[in-house]
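The report below goes through side-chain pairs, packing and surface features, in that order. Please read it alongside the coordinates.

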Amino acid sequence: MSSVWHGFQSDECPIMKRHNCFIGYDLGTSGVKTALIDSDGRLLHSEFASYRTRSLKPGWHEQDPNEWWSAIVGTTRRTMRASKILPRDVQAISFGVQAVGTIPVDKEARALLPCMTWLDARSVDQAKRINEAMDDNLLAKDFAPKTLWIKENRPKVFQRTHKIVECGGYLIAKFSGKFTIPGDISLFVGFDSEGRQWKYEPVVQAAEKLPEPAGLTEVVGETTPKAARELGLRPGIPVVAGGSDFAAAVIGSGAIKPRHAHVYLGSSAWIAVIADKPITVGPGTGGLGMIFPVPFLDRWIIGGETESACACLNWFQEECARDLTDAAKRSRTTPHQMLDKMAEKVEPGSLDLLFVPWMKGERAPVKDDFARGAFMGLTLAHRREHLVRAVMEGVACNVRWILDQIEAFDLGFKVESVRGIGGGFKSRIWTQIFADVMGIRTQAIKWPQHAGAIGAALLAATGLGAYKSLDDLDGLLPVVYEGTPTPEYRDAYVQMVTNFKHTYPREISKIYHQWGARQTQSKPNQARPLVG
């Protein structure tokens with residue numbers, strides 16, 4: 001069962017009967033957020049429930065889909081009860097989910113193994129063989145290598161598998177009994193929508209176990225009587241496919257026009273830019289990192305994702321500043337608010353201290369499963385508050401580097417502003433650091449932690465025709481704080497970003513891979529199937 005529950009009631013929306021409401025689910029790395037919105041896009045109520053990630057050995061990152069479902073059932077029931085919205089008033093539901101999770105399921109959508117999450121890198125050997133056979137550059141964390149890993153390492157489970165789905169496909173099947181790959185995720189898993197075939201089929205040979213894709217706003221089914229009973233909803237609610245949390249966050253941020261970007265700052269982070277023309281990423285382009293353009297309704301998104309962001313600050317608080325927990329209770333604040341105050345005391349640049357946030361390997365701005373984090377430039381003059389600010393600045397430098405890779409393409413414009421979403425943008429000092437490091441006006445929206453779930457709910461509303469185009473969704477979410485670049489800090493931060501880009505020389509990369517090879521030498525433990 002989920003271990004932590006949180007509820008949020010909008011103070012702008014008094015509880016009353018509404019006839020056109022929509023539910024969005026943001027299935028993230030640490031938990032699920034369930035948001036209920038009205039037809040004007042206003043948040044009525046939101047609930048959060050966490051679940052566990054298990055690591056049987058280095059590189060393994062598993063979650064139990066049954067815990068996802070328990071969390072979704074709980075948050076849905078709590079949301080409906082707290083909002084006093086009637087089940088008949090819910091017009092549609094949709095999803096934004098962590099991408100490239102890999103789950104074999106049976107015909108009843110029961111998970112046969114735990115989900116290998118987007119962070120799971122056990123399939124190094126499979127990725128290498130696929131890349132050699134197809135002249136590609138997949139990571140071990142990608143869907144195709146993990147599918148091949150299941151086939152080779154769990155052959156009995158593979159035989160019993162009806163479909164291999166990612167996280168969104170699992171939720172669609174649980175809600176509606178239909179099997180599909182939602183929205184933009186079909187591109188991440190390697191489905192060629194024009195040729196209607198799976199790109200990696202020649203090597204993996206599992207296409208019969210992969211469902212067909214569906215569009216972001218496509219109605220793919222209806223809530224089954226069984227799901228409706230569990231959720232406290234009504235049968236027959238249209239289920240809209242939705243897509244990745246990446247796509248849902250674009251909608252939920254309000255930054256859906258060219259010249260604007262959005263940055264998500266949660267356990268991981270990403271930056272995305274909307275373009276009104278196709279963007280092509282060819283071999284050897286886009287710098288070192290994994291930059292991905294995807295069609296998005298009537299436009300294109302080009303973006304990049306970094307594996308560790310707030311996770312780095314959480315690690316620092318847990319391992320280097322546990323005393324702040326008790327201090328925060330005494331001062332009626334939170335440990336992260338105390339970290340903010342520490343960072344505010346330090347001059348920009350943290351006394352020439354650089355933090356590299358590659359603590360779970362990296363996807364962008366460098367593409368390397370075995371990249372590692374580091375503090376660089378430590379001296380006896382550095383205090384704990386310098387390390388705190390360096391973590392915040394390092395994450396921002398990482399994102400700035402990704403934006404530089406994105407802007408290397410012919411977008412036809414330069415990014416003029418950034419919308420910030422995710423829990424990290426509850427911090428004003430971190431928002432200001434992003435503005436200074438990025439050199440761009442950075443806006444933190446209201447309800448930043450709920451943007452993905454709100455975006456998913458807006459996808460549901462769009463699927464039912466409540467909104468006709470992306471432009472109808474622009475600016476629905478209000479801005480509560482704006483950081484503008486500080487002119488006197490510009491030169492220092494330009495130099496910091498330049499220095500940061502030199503933290504991945506070939507010699508260091510070789511050491512990372514030596515360490516990674518040692519961690520993956522032993523044979524993996526046998527994972528117990530979820531269904532007997």
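## Salt bridges

K277 and D410 are joined by a salt bridge through their side chains, with 3.4 Å from N to O. This pair links distant parts of the chain, since K277 sits in the loop between β18 and β19 (291-296) and D410 in the loop between α13 and β23 (417-421), 133 residues apart. K277 counts as partly exposed at 29% relative accessibility, whereas D410 is exposed, with a relative accessible area of 57%. The model is predicted, and side-chain atom pairs are counted only at pLDDT 80 or more.

A search of the whole structure gives 29 salt bridges, and three of them are set out in the table.

| Salt bridge | N to O distance | Location |
|---|---|---|
| K277 and D410 | 3.4 Å | loop between β18 and β19; loop between α13 and β23 |
| R384 and D323 | 2.9 Å | helix α13; helix α11 |
| R129 and D125 | 3.0 Å | helix α2, both residues |

R129 and D125, by contrast, lie 4 residues apart within helix α2 (residues 124-134), which is about one turn of the helix. R129 has 30% relative accessibility and counts as partly exposed, and D125 is partly exposed at a relative accessible area of 43%.

## Aromatic pairs

The structure contains 15 aromatic pairs. One of them is formed by W68 and Y170, an edge-to-face arrangement with 5.7 Å centre to centre and 75° between the planes. Because W68 lies in helix α1 (residues 65-83) and Y170 in helix α5 (residues 167-176), the pair ties together parts that are 102 residues apart in sequence. Both W68 and Y170 are buried.

What makes the pair of F246 and W270 edge-to-face? The ring centres of F246 and W270 are 5.8 Å apart and the planes stand at 65°, so the pair falls in that class, for which the angle must be over 60 degrees. F246 belongs to helix α9 (residues 245-253) and W270 to strand β18 (residues 269-275), and this pair links distant parts of the chain, 24 residues apart. F246 and W270 are buried. Elsewhere, ring pairs link Y25, W69, F95 and F175 into a cluster.

## Buried packing

T102, in the loop between β6 (90-97) and β7 (103-105), is buried, with a relative accessible area of 0%. Its side chain reaches the backbone oxygen of V100 at 3.3 Å. Leaving aside residues up to four places away in sequence, T102 touches P114, C115, M116, F143, K146, T147, I150, I164 and V165.

In helix α10 (residues 310-320), the buried residues are C310, A311, C312, L313, F316 and Q317. The buried residues of α10 pack against several elements, among them β17 (260-265), α11 (323-330), α12 (335-344) and α14 (428-438).

## A nonpolar surface patch

On the surface, I508, I511 and W515 form a nonpolar patch that has about 240 Å² of accessible area together. I511 is part of helix α17 (residues 506-519) and is partly exposed, with a relative accessible area of 33%.

Methods
Residues numbered from 1 in each chain as written. Predicted model: local features only at pLDDT ≥ 70, side-chain atom pairs only at ≥ 80, totals over all residues. Heavy atoms only, no water. Patch = residues over 30% accessible without salt bridge, like charges linked within 9 Å, V, L, I, M, F, W, Y side chains within 5 Å. Areas by Shrake-Rupley, 256 points an atom, 1.4 Å probe, with all protein chains shown as cover. Salt bridge = Lys/Arg side-chain N within 4 Å of Asp/Glu carboxyl O. Helix = DSSP H or I, 4+ residues; strand = E, 2+ residues; numbered from the N terminus. Buried < 20%, exposed > 50% of the residue type's maximum accessible area, 1.4 Å probe, protein only. Contact = heavy atoms within 4.5 Å. Polar contact = N/O pair within 3.5 Å; in protein donor to acceptor, adjacent residues only side chain to side chain. Phe/Tyr/Trp six-rings, centres within 6.5 Å; stacked < 30°, edge-to-face > 60°.
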